[in-house]
Amino acid sequence: MSEEKIYSFPKSIREVTTHYCAGCGHGIVHKLIAQIMDELGIQEKTLMIAPVGCSVLAYNYIKADGLEAAHGRAPAVSTGLKRVQKDKVVICYQGDGDLLAIGTAESVHAANRGEHITVIFINNAIYGMTGGQMAPTTMEGQVTKTTPYGRDPKQVGWPIRACELLNTLEAPYYIERCAVYDVKHINQTKKAIKKAIQNQIDGKGYSFVEILSMCPTNWGVEPQKAADWVRDVMEPYYPIKCFRDGGEKTK
Amino acid sequence: MSEKILMKGNEAIGEAAILAGCRHYFAYPITPQNEIPAYMAKRLPQVGGTFLQAESELAAVSMVMGASAGGARVMTSSSSPGISLKQEGISYMSGAQLPAVIVNMMRGGPGLGNIAGAQGDYFQATRGGGNGDYHVLVIAPGNVQELADYTVKAFELADKYRIVCMILGDGYLGQMSEPLILPEAVKELPAKDWALTGAKGRDPHIIASLRLADGALVGHVYDLYKNYAEIEKNEVIYDTQNLEDADYMLVAYGTSSRVCKKAIRVLRAEGIKVGLFRPVTLWPFPKKEIAEAAKKVKKILTVEMSMGQMVQDVQINAGKYCDVDFYGEPGGMLPVVEKIVQRVKSYV
Ligand SMILES: Cc1ncc(C[n+]2csc(CCOP(=O)(O)OP(=O)(O)O)c2C)c(N)n1
Ligand code: SF4
Ligand SMILES: [Mg+2]
């Protein structure tokens with residue numbers, strides 16, 4: 001029997017030591033993006049926009065041209081870059097604070113314009129980089145540095161559902177929510193990201209993939225418990241589903 | 001195109017930008033510069049360019065940052081409150097060494113202030129404005145012809161030094177119509193081998209202001225300041241009038257300098273020898289030049305449409321050679337010729 005190589009380090013990722021914590025969702029999603037870049041052969045035409053958040057150094061891992069955006073402005077920076085480099089693949093990578101708090105306006109309007117970009121949204125229900133403060137996606141009752149008694153929706157509002165919010169707009173082409181808490185869901189996430197990038201290559205318009213993700217460090221739990229928490233607490237509130245495909249809302 | 005045509009200041013900026021090769025413009029409306037976005041919305045599609053009305057100045061300047069990283073000549077314009085929001089992007093672009101042209105047609109402040117022309121943003125423009133150690137190259141045109149000419153120049157300098165270049169005008173200058181000769185169209189744009197074009201046959205380019213490694217930011221800021229030193233050495237622009245025999249020197253930029261020119265005519269008619277020193281680049285400030293000029297006069301009167309901002313640079317650089325006095329009008333008011341005349345007469 002001849003040997004067949006079925007797994008290797010993606011070409012589109014740099015072989016450097018990761019700064020992400022054990023069990024963090026960012027690293028998993030980075031790997032998926034790199035694998036997809038390899039599979040679609042787009043490493044030489046990918047432009048990676050890094051947000052401000054734990055993934056601020058995304059361009060140190062993804063082996064492609066990289067650009068930093070100010071906190072929350074990644075969709076606007078992506079807009080400007082894509083309008084100049086029309087034939088390139090612009091990946092706009094963002095966390096929940098970035099996308100839904102400080103950058104809500106930029107997110108909504110880039111989606112509303114149907115910018116030809118692919119937004120990868122890491123929802124970990126917390127501000128990872130700054131040490132665990134409340135995010136717009138922090139769950140009701142969730143204890144964080146700035147909600148020491150648990151998030152009280154009467155005081156600070158309810159967790160925001162990004163996919164549902166963007167799905168009210170006319171322009172988006174593709175909106176899907178995924179998760180990376182187990183292998184099955186990681187595989188689904190890969191499919192979704194691949195579709196979102198293929199849409200851009202095909203000139204279809206704005207694609208958005210939300211990924212429910214773990215931040216064991218700032219949730220103060222072990223990696224496996226963090227994965228379970230996504231499944232048991234986040235997923236019921238943030239249903240995993242495709243909201244829009246081919247520009248049509250799904251039933 | 002050497003024919004004289006009549007144009008509004010704000011529109012002259014727009015056409016000059018297009019002549020300079022700018023095909024991307026992102027902005028959010030604000031008075032008194034709304035003729036610029038209106039002009040760009042009409043003209044850019046005619047030349048295959050992109051006009052986009054952004055959702056805010058924060059977004060507009062971020063779009064500028066993205067387009068600049070993609071290698072394009074790109075511009076945004078606004079007025080004072082909007083420029084405050086753009087400081088975020090200006091600081092990021094300065095850190096990432098991305099060229100761009102930012103137009104500020106100043107209005108009265110602080111806050112919402114009013115919509116009349118003013119010069120209250122001098123500190124913000126020349127001291128950095130956003131967070132961190134950096135400079136923006138600031139050019140202050142004095143008439144519609146200069147608005148056009150210096151807009152082209154701003155694109156050249158921005159690319160040459162990979163710096164943010166600001167055209168600092170005001171509401172009066174933007175709204176006035178004057179005859180001008182449009183600048184020549186720029187035929188060849190400079191190559192940008194640092195731009196984000198896809199890592200094909202080369203290592204990936206990374207454009208960022210973040211420098212986390214030990215000592216990396218220190219080295220980076222020193223590099224920025226080496227670049228600034230070159231600009232200070234090579235790119236100072238200023239103008240003088242009637243200084244040869246002057247006993248008294250008015251110092252003013254932009255619209256204020258136009259009022260000063262009128263005052264000089266009145267004073268000269270009465271036999272009082274007065275001249276004008278007009279900084280055109282506000283950063284780099286014409287330090288040596290104003291010091292030399294100061295040595296030859298008895299007294300300086302700085303005239304501004306503010307409570308006194310540029311006067312600090314005048315004092316720092318010329319103050320040891322002669323007395324520096326100040327006359328300013330805040331709140332969107334023009335300086336009054338008669339007040340300048342009376343003040344200078346009081347020195348005699
Ligand atoms: C203008 C500005 N405000 C605040 C910060 C501090 N800051 C850095 S990252 C961050 C939150 C990031 O959270 P999120 O977007 O959820 O990303 P994560 O780290 O969780 O992946 C904040 C508030 C900043 N860098 N800039
Ligand atoms: S703090 Fe949280 S989001 Fe940041 S790297 Fe660690 S686990 Fe990931
Ligand atoms: Mg987060």
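The shell around ligand 1 comprises seven nonpolar, eight polar and two charged residues (Ala, Val, Leu, Ile, Met, Phe, Trp, Tyr, Cys and Pro count as nonpolar, Asp, Glu, Lys and Arg as charged, and the others, Gly among them, as polar). The model is predicted, so local features need pLDDT of at least 70 and side-chain atom pairs count only at pLDDT 80 or more, whereas totals for chains, interfaces and linings use all residues. Residues are numbered from 1 along each chain as its sequence is written, and chains are lettered from A and ligands numbered from 1 in the order in which they are written.

Ligand 1 is surrounded by 17 residues, of which G53(A), C54(A), G95(A), G97(A) and G128(A) are the closest; a residue is near a molecule if its C-beta atom, placed from the backbone, lies within 6 Å of it. Helix α3 (residues 96-102) of chain A gives the largest share of this shell, three residues. Helices (H or I, at least four residues) and strands (E, at least two) are DSSP runs, numbered from the N terminus. Around ligand 2 stand Y20(A), C21(A), C24(A), H26(A), C54(A), N124(A), G128(A), C215(A), P216(A), T217(A) and N218(A). Six of these residues are nonpolar, five are polar and none is charged. Helix α8 (residues 216-219) of chain A provides the largest share of the shell around ligand 2, three residues.

Strand β1 (residues 46-50) of chain A is mostly covered, with five of its five residues buried (20 or more other C-beta atoms within 10 Å of the residue's own; exposed if 12 or fewer, partly exposed in between; C-beta atoms are placed from the backbone). In a regular strand, side chains alternate between the two faces of the sheet. In β1(A), T46(A), M48(A) and A50(A) lie on one side and L47(A) and I49(A) on the other, and both faces are covered. Four bridges join β1(A) in parallel to strand β3 (residues 89-95) of chain A, where V90(A) is the bridge partner of L47(A); strands pair if DSSP finds at least two bridges between them. β1(A) also pairs with β2(A) in the parallel sense, over four bridges, and I49(A) stands opposite L67(A) in β2(A).

The pairing of β2(A) extends to chain B. Two bridges join β2(A) to strand β9 (residues 206-207) of chain B, and the two strands run parallel. Within β9(B), I207(B) is the bridge partner of L67(A). Between the chains, 27 residues of chain A are in contact with 34 residues of chain B (C-beta atoms, placed from the backbone, within 7 Å). On chain A, the largest share of the side that touches chain B, eight residues, comes from α2(A). Helix α2 (residues 74-84) of chain A is mostly covered, as eleven of its eleven residues are buried.

The largest nonpolar core holds 186 residues, among which I49(A) and V101(B) touch the most other members. Domain 1 (4-234) and domain 2 (239-347) of chain B both give residues to this core, so the core lies between them. Such a core is a set of buried Ala, Val, Leu, Ile, Met, Phe, Trp, Tyr and Cys residues joined through C-beta atoms within 7 Å, and the domain bounds come from an automatic or database domain assignment. Not counting residues up to four places away in sequence, V101(B) touches A17(B), M75(B), A154(B), F155(B), A158(B), C165(B) and I167(B).

Notes:
Two residues are in contact if their C-beta atoms, placed from the backbone, lie within 7 Å.
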